[in-house]
Amino acid sequence: MIRITQAGLFNNVTQRMNQMQVALAKTQEQISTGKRVLKPSDDPTTATAVMNLNTKMAQNERYGSNLDRANSLLSAQDSTLTSVTGALDRIKALVLRAANDTYNDQDRLAVAVEIESVTEYLRQTANTQSSDGSYIFSGFTQGQEPFQQGSDGVVRYFGSTDVQKIEIAEQSMMAIGLPGSDVFGSQVLPPDSNGNARSGDFFSELANIVTALKNNDADSLRTALGDLKVFHDNITIQHAKVGARMNRIDMQKEWNENLDGDYKIMKSQLEDLDYVEAVTRLKNQSVALQAGQQSFAKISQLSLFDYIR
Amino acid sequence: DSEVFDFSGLAQGGSAKLTLNGTDYSQPFHTNLATTLNALAHKISNGTVNVVPQKLSAVSVSGGLLTLTGLTTSPPTATTVLTTAGASGAASVTTVTFAGTTGLSPIDTATLTLASGVTITVAGSEGTYDTAAKLAAAFAAKTAPSGYGMTNASNSANLVITATANGTATPGFANATLAVTTDINATAQLTTRVELTETASSVTGKSSTTSINRPDPRHFLGLSGGINEDLLVFVTGSGGAKISAQWDQSPLIDQREVWRQDITVKFNSDGSQFELIDTQTDTSLAHVNYSAEKGISYNGWSAELSSIPAANDIFYIKGNHDLTGDNRNMLKMAALQNDSTIFGGRGDFGEVYTSTVGKLGTILVQTDIAREAQQTLVDQATEARDSVSGVSLDEEAANLLRFQQAYQASAQVVKIANTLFDSILSIR
């Protein structure tokens, strides 16, 4: 500049002070929000990385809630199957005793009555509903009990053979139920005395046992013992499936939690403000601003007119 | 060779049109009938005079009639020379010599009259008779009327006509006269407009005359102003007409009910065609040729077969009434979140959105930098300007002092000068 004029001086100083104000305001905003990146334009690459992390964290949360739901369903199945196994053991004990030739008609009849009531108990257990009202052994078909007894006394399965799956991790589905047909459905039974293959489902087996008891048919009762073992083994297998799934859920939950923690750390590193650096910067900027203002006040007053009489 | 067209039915809103040799001349009604027809006549005569092949010699208007008079195009003439006069029982021979430079034009018709009621006609459209000789030959080629014979020497414009003896008296003829007429190739069209006026209880029609002789009338109905009726019924003759109408809302079609229609798909014996059957009513709906690419579709849904259907395969397609717990579609919907193919491979929802935001951020940064650079330029320019044209108070103060001193010094000079003059002037 060749000359410093009043207008030039004022303009200059105003510009500089405005710039300092802007920087100061930005620092203040950062401090009050605790974030270094306030808008995408502050740091585009960081902003996009943070958005991606947010998406991942939200997904993680969803998987977490899915896992919780799966867990509650599986727990219901777990306890139900435990009850079923218990009831089955009782039936086995009863049949074992009744197959004994020392039992007579009356005794066998009494056993039949008891087994009938246990059968009804088992049927109702098979129709257990989970906390959200869905039948745990019904599969895709909802809205009616999966095991219903017709007027002919036969218990039939009205559910489906497919079960619901839910997503517990990215691209990872898990079935959260057992179809009633797997648990109580038809199994291959030991062949009969002629070597013919036999099969039957759980409830019809129980009905047969009751009939055999009423008919005093000890042979059938002995055959039934072998059949009951098959059913018992099957239920054990199904129970094991449930257990395995619950283990998997626990592992997945832990994994998800770790992942969530990692995400949080990464996010914080990317977007959180370093307070020490920010406060120091704030101090510097306010000092600079103050100095600028005071010096301007002093300089702007200097004028030759003050010294001319 | 003149034709008359009756346009007397022309009224306000109508128009008259004449088509002459394929050219249309039309004139909408203007002021009155005479004015309109005169205007039309003017158009026609301007357009057709000197236009070959139709040269009209006159276009005239009288009352509601437009008359076109045709001009034959340099018609040929004929002179007759009675070579041998017929006496009772003997033939008479006449030579008709044709003359004319252009012969018979295609729109002309030449009629040779031998005696009362005895004529021979040659039409110009039958052939090319552009010389007198050809015309003579044309006449000779015609079947002569009974009692006459015609001959013509090759390339000669002379037609020798012999009137043979006919019973007791020879027909004889002294002169054969030739008349040439021109057919005016014109059609006319008259357009009228029927005006409807509405009265309190009925609508009456008032039409202009409908008795048009030659022109082909077209009637248009013009409703002037607004008419409040939703439905107009036109009756002919006398009597009354009554009509009533009702409006019912059409029942809404529930698309879900449409989809719930259970369909049976039955393939034919070679698997090339399938039949769509409504399962509930066992009604056959359609027969469709099957192709693996097209699959099976109906009612808005479509199905694909994973392998080739065998002969007489039957598939049952029904709505998912029972499996209310089936969450497979929901799983598919949830899987969309990670589906990268939706946006043409650019990524899934989250990625595309994030990249858009990132792009925006980058653009903002660039814009910010540009703005700052621009601001710096502005500031520097302002500085430079202020530096040149601004006022520095110190400078002005210094200048002020300088000028003040200069002024004081000048004032002092004046004072001295004044003193000097006083001294001089005070010398006695």
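## Basis

In this predicted model, local features need pLDDT of at least 70 and side-chain atom pairs count only at pLDDT 80 or more, while totals for chains, interfaces and linings use all residues. Residues are numbered from 1 along each chain as its sequence is written, chains are lettered from A in the order in which they are written, and side-chain values use heavy atoms, with hydrogens and water left out.

## Nonpolar cores

A nonpolar core is a set of buried Ala, Val, Leu, Ile, Met, Phe, Trp, Tyr and Cys residues joined through side-chain atoms within 4.5 Å; buried means under 20% relative accessible area (1.4 Å probe, protein chains only). The largest core has 47 residues, and those touching the most other members are Ile115(A), Leu122(A), Phe184(A), Phe203(A) and Ile209(A). Two or more residues each come from α2 (44-99), α3 (105-126), β3 (165-169), α4 (180-184), α5 (202-214) and α6 (218-271) of chain A. Helices (H or I, at least four residues) and strands (E, at least two) are DSSP runs, numbered from the N terminus. With 14 residues, α2(A) gives the largest share of this core.

Leaving aside residues up to four places away in sequence, Phe203(A) touches Thr119(A), Leu122(A), Arg123(A), Ala126(A), Phe147(A), Val155(A) and Phe184(A). Contact here means heavy atoms within 4.5 Å. A second, separate core has 23 residues, including Val96(B) and Leu159(B).

## A sheet in chain B

Four strands of chain B form an open sheet in the order β18-β17-β16-β21, with antiparallel pairing. Two strands pair if DSSP finds at least two bridges between them. At the edges are β18 (283-289) and β21 (314-317) of chain B, each pairing on one side only.

Six bridges join β17 (residues 273-278) of chain B to β18(B) in the antiparallel sense. Phe274(B) is opposite Val288(B), and Asp278(B) is opposite Thr283(B). The hairpin of these two strands has four residues between them, and Asp282(B) there takes a positive phi near 55°.

## Where the chains meet

Chain A gives 39 residues to the contact and chain B gives 38 residues. Together the chains bury about 3200 Å², 56% of it on carbon and sulfur atoms. Buried area is the accessible area (1.4 Å probe) that two parts lose on being put together, summed over both. Of the area that chain A buries against chain B, 20% is supplied by Arg3(A), Met51(A) and Phe140(A), more than by any other three residues.

One salt bridge is found across this interface. The term means a side-chain nitrogen of Lys or Arg within 4 Å of a carboxyl oxygen of Asp or Glu. The side chains of Arg3(A) and Glu395(B) form a salt bridge at 3.0 Å, N to O.

Methods
Buried means under 20% relative accessible area, exposed over 50%, partly exposed in between (1.4 Å probe, protein chains only).
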